[in-house]
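Here are my notes on this one, written for you to follow with the model open beside them. Take the points in order and find each residue as you go.

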Amino acid sequence: MKLSIPKIEKNEQIFFLSYIIFLFFSVLMHSMYYRWFVNYYKYIAAGCIALLLLQEVAMKALSVRALLGAVTLYSVAMLLAFLGSGDLQTSFACTFVYAFGARNIDFKKISRITIMVTLTLVVFVIASSMLGIINNYQGVQSGGTRLRYFLGFRYALNAPAMLLNVIMLYVFVKRDEGKYIEMTLFLIFAVVLYSYTDSRLTFGLSIISLLIAAFCRKKKTDLSNLILLPKLLTLIFPLCFAVSMWFAKHYSASVSWMKQLNTILGGRLRMGQSSINLYGTSLFGNPDIKWIGAGLNAYGQQSTETYFYVDNMYIQLLQRYGILFMVLFLSLATLVVVRCYKRKDNLLVFMLTIVALHGLIDDGIIYVQMNTFWLLFGSVAFGYLKSTETKEVKTEKI
C-alpha cells in the first residue's frame, strides 16, 4: 500500500515523537511482547506525557481557549488515572492528554502515522506468533463451538480491532482516491484474521468500511452532498448509549427476539444487564469493579475464575468512571460528529458512526491504539477544527 510519510512541521516534531513511542508500546501491550516491559509501561507513558508538556512549554503561550482545554482534558486524564487500575486504564487516561496535544495538528497526518505504525506492528506480532517467537494461544469459546487463535496477541479480538481502526483511517485519508488493489488487500487481510479469530462483528464493520471506500472511489465522491442521513447521525453516540441502557434494564431471556439477539452478540446483552444489577451506577464511578475476561495476562495466562465481562463500551465507562464522566464523554463525542457534519465532512461522520456502533460490542475501542478518532476531542473543542468553522461562519455573515 502506498502511503507517503507526511511532512512534519518543526512545532509538531515533539508531539509525533511522543505519539509514536506511546503508540508503539501501547499496541505491543496487547501482544505477548508485553511481558518484556510490563513493569515499565507506566514510566514509558509518563515519559511520553512529559514530552507533550515540553511541547506546550516550547510554544511559550496558550490562548484562553487552549488554557481551558488544557485544564479540562488534563483534569479528565488525572481523574481516569485515579479511578482506573492497571496499564490499560493508564493508556485510556493518556488519550485525553494526546487529544489536547493534537488540537492544532492535521488529523490526516496523525492518521497516516498511525496506519504505518499500527499495521507494521500487527503484521510483526502475527508473524512472530507464526514463527514461534511468541505464543499463538488458541482457545475454544461460546459453548465449545468457536476455535479462536490469538495470533500473538493477548485476546482474539485485538488484531481485528486494530485492523478495523487502520481501515477506517485509510478510508478517511484516501476519501475518493482509494485504490481498488489496496482495498482488496485490506479485505484479504480482514478475511484471514476472521478465519483465525472468528471476530464476526468486527469483520462485519471492516466490510462496511471498505464498501464505503469502494463507493466513494467509484462515484468519485466524499459524500459531502448528503444532508439528511449525516444530520440524523449527529446523535449516534447518545443513541447508542441509550440503547445500551435500555437493554441493560429491559433484557429478558423469555423474550424470543432478545434471546436470539443476545446469542448473536455472544451473550453481551445478558452480561451488561448482570453488571448493572451487580455494581449499579454512581456519580463518580466505581474503581473496585471486577470483570473477568477471556484475555491473557502479560505472561500468557488466562484467569481461572468464572467469566464475567462487559464488552459494551458505554456500560463500562459509565460503571467504572461514573455519570459525570459519561456526560462529558458523550458531549465531546457528539461535538466531534456535529462539527464534522457542519464542515460537510460526511465521510468522517460515517467513520465515527462505525466507532459508535463498534462501542456496543467491543470495549477495546476506548483506547487510542484501537481507535485514533478520539484524538479529535481536542481539535474540535479547543483547536483548529473549531477555529476553521468559526472563521467560515464569520465569512458567511460578512
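Which residues have the most contacts inside the largest nonpolar core?

1. They are Phe96, Tyr98, Phe237, Phe329 and Phe373, in a core of 127 residues. A nonpolar core here is a set of buried Ala, Val, Leu, Ile, Met, Phe, Trp, Tyr and Cys residues joined through side-chain atoms within 4.5 Å. Buried means under 20% relative accessible area, exposed over 50%, and partly exposed in between (1.4 Å probe, protein chains only). Helix H6 (residues 158-174) gives the most to this core, with 13 residues. A second, separate core has nine residues, including Ala248, Met271, Ile289 and Tyr309.

2. Before you go further, keep in mind that this is a predicted model: local features need pLDDT of at least 70, side-chain atom pairs count only at pLDDT 80 or more, and totals for chains, interfaces and linings use all residues. Residues are numbered from 1 along each chain as its sequence is written, and side-chain values use heavy atoms, with hydrogens and water left out.

3. Now zoom in on Phe373 and Thr372. Leaving aside neighbours within four places in sequence, Phe373 is in contact (heavy atoms within 4.5 Å) with Phe107, Asn165, Met168, Leu169, Leu348, Met351, Leu352 and Val355. Thr372 is found in the loop between H15 and helix H16 (376-381), and is buried, with a relative accessible area of 0%. With the neighbours within four places again left aside, Thr372 touches Tyr19, Phe107, Ile110, Thr114, Asn165 and Leu169.

4. On to helix H1 (residues 13-28) and H5, which pack at an angle of about 30 degrees, with their axes 10 Å apart. Helices (H or I, at least four residues) are DSSP runs, numbered from the N terminus. Axes are lines fitted to C-alpha atoms, for helices over the stretch in contact, and angles run from 0 to 180 degrees between N-to-C directions. H1 and H5 are therefore roughly parallel to each other; angles under 35 degrees count as roughly parallel, over 145 as roughly antiparallel, 65 to 115 as roughly perpendicular and the rest as oblique. The contact of H1 with H5 divides into 13 nonpolar, two polar and one charged. For these classes, Ala, Val, Leu, Ile, Met, Phe, Trp, Tyr, Cys and Pro count as nonpolar, Asp, Glu, Lys and Arg as charged, and the others, Gly among them, as polar.

5. Helix H5 (residues 107-130) also packs with helix H7 (residues 180-197), at an angle of about 40 degrees and with axes 14 Å apart. H5 and H7 are therefore oblique to each other. Leu119, Val122, Val123, Ile126 and Met130 in H5 meet Phe186, Phe189, Leu193 and Tyr196 in H7. That contact has nine nonpolar, no polar and no charged residues.

6. For another angle, look at helix H11 (residues 256-264) and helix H12 (residues 268-279): about 100 degrees, with their axes 6 Å apart. That makes H11 roughly perpendicular to H12. Met258, Leu261 and Asn262 of H11 make the contact with Arg268, Leu269 and Arg270 of H12.

7. Last, two loop residues to check. Leu223, between helix H8 (200-219) and helix H9 (228-232), has phi near 70 degrees, a positive value in a residue other than glycine. Lys344, between helix H14 (323-342) and helix H15 (346-358), has phi near 60 degrees, also positive and not in a glycine. Buried or exposed? Leu223 counts as buried at 7% relative accessibility, whereas Lys344 is exposed, with a relative accessible area of 57%.
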